[in-house]
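I opened this notebook to keep track of what I looked up, in the order in which I looked it up.

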Amino acid sequence: MSTTDTDTSPETVLYASPAAASGPKWVETPVAYDGILLAGFGGPEGQDDVIPFLRNVTRGRGIPDERLEEVAHHYRHFGGVSPINQHNRELKAALEAEIAKRGLGLPVYWGNRNWSPYLEEAVTEAAEAGDTTLLAIATSAYSSFSSCRQYREDYARVLEATGLGETVTIDKVRQFFDHPGFVSTFVTGVTEAVSSFVADGIAPEKIRVLFSTHSIPTADAQRSGPRDVDFGEGGAYEAQHKAVAAFVMAEVAAAVADVEWELVYQSRSGPPTQPWLEPDVNDVIAELPGRGAEAVVIVPLGFVSDHMEVLWDLDTEAMEAAEEAGIRAVRTPTPGIDPAYVSGLVDLVEERLTGAPKSERPHLTDLGPWYDVCRPGCCENIRAGFKPVAAGLRP
């Protein structure tokens, strides 16, 4: 990164703890947090929930229910139930167990952006219990508007809407895309998948590894990350994924063999006239036989659990694409509640409890460790404009 490690801004970070309020990149002062805010995306839990949920996701965009129904089919296919809420219940329980094991004494409050339990409920519950210095963990590892800044906007919105902005503070852990606890699941999964194909007689040069993540508008990708660092055309979002994928494949090469890989995208939405990150995972799978591939390893690198984008876009559509292409395919696991992942999340909490210096924070790529306090203009959405945010310098 081109910026210095020590510069701060005179601007005050909204709704921040005193240690984070001046906007240091890394908060190296201990903070006595008294609660963890687990922030999720949310999902429907029955057929009657699907359209109201999609209205929440697309709020402010004026999309009629008829069009929402067109995109609801994957939820309908699974009985209207997204697995994401159950995954977060399990993650909350796993975090509570790890926190108790370490004797940290911190309750975990869970709230979603788009479905019950909402963030408003979680923050209110925390405040009523007297837990007013909160550290947020969003269930997303990377930097972009939808995976980081939108959560920070919601923290600020909730504190304003509930009238708790004078009493509750919300900081957040750093983006954890290259933390060993998050990455280890992918290293293990890809290593095992490649080893299995090789053991079945498929030569390494006939195997391809596709690292898949959620596509986002190209304009959002270009503005992901801080504005004073050049991450390339795809911004920090693309750079972070590529850096982690390169690390994973270096580990695979050392353990099994050198295998070709690329970053692909899935779950595109929005009007066809709006550019989104490409190439699409299914388009690439269709091309693989012509490029000499006989087997493909599909890695859900952009996802922390097996939610709908994994079950539908990868386990259903991508597998169908592989079958049509006549090549073997396997999808590797997401972190879920893998003990290494859960332990890594609590490590991030302890970083902030102890004020661990940047030099002692584990990271597996040259992009890390990422910032505790997001920088000015980070992950702007140019269509919606800047809104008040927590855990970052304005705007």
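The entries below go from confidence to the sheets and then to the helices.

**Entry 1, confidence.** I began by noting that this is a predicted model, and that the mean pLDDT of the protein is 95, with 97% of its residues reaching 70 or more. Where pLDDT is low, the predicted coordinates should not be read in detail.

**Entry 2, the sheet that contains S1.** I found an open sheet of four strands in the order S2-S1-S3-S4, and I wrote down that the pairing is parallel. Strand S2 (108–112) and strand S4 (169–172) are the edge strands, each pairing on one side only. From one strand to the next the twist averages 30°. Looking at one pair in detail, I saw that strand S3 (residues 133–138) is joined to S4 in the parallel sense over four bridges, and that alanine 136 stands opposite lysine 172 in S4.

I next asked which strands of this sheet helix H5 touches. Helix H5 (residues 119–128) packs on the sheet and touches strand S1 (35–40), S2, S3 and S4, its direction making about 155° with that of S2. Helix H12 (residues 339–354) also packs on the sheet, touching S1, S3 and S4, and its direction makes about 145° with that of S3.

Strand S5 (residues 207–214) pairs with S6 in the parallel sense over seven bridges, and leucine 210 stands opposite glutamate 262 in S6.

I then asked at what angle H7 and H9 pack. Helix H7 (residues 180–199) and helix H9 (residues 235–255) pack at an angle of about 45°, with their axes 9 Å apart, and they are therefore oblique to each other. Their crossing is right-handed. Among the residues that make the contact are Phe186 and Val190 of H7, together with Phe247 and Glu251 of H9. The residues of this contact divide into eleven nonpolar, one polar and one charged.

My last entry concerns H7 and H12, which pack at an angle of about 165° with their axes 7 Å apart; that makes H7 roughly antiparallel to H12. The crossing of H7 and H12 is left-handed. Gly181, Phe182 and Ser184 of H7 make the contact with Ala340, Tyr341 and Gly344 of H12, and I noted that the residues of this contact divide into three nonpolar, three polar and no charged.

Technical notes
Residues numbered from 1 in each chain as written. Predicted model: local features only at pLDDT ≥ 70, side-chain atom pairs only at ≥ 80, totals over all residues. Heavy atoms only, no water. Axes fitted to C-alpha atoms, helices over the stretch in contact; angles between N-to-C directions. Parallel < 35°, antiparallel > 145°, perpendicular 65-115°, else oblique. Left-handed = near helix turned anticlockwise from the far one by under 90°. Contact = heavy atoms within 4.5 Å. Nonpolar A, V, L, I, M, F, W, Y, C, P; charged D, E, K, R; others polar. Pairing = 2+ DSSP bridges. pLDDT = per-residue confidence, 0-100.
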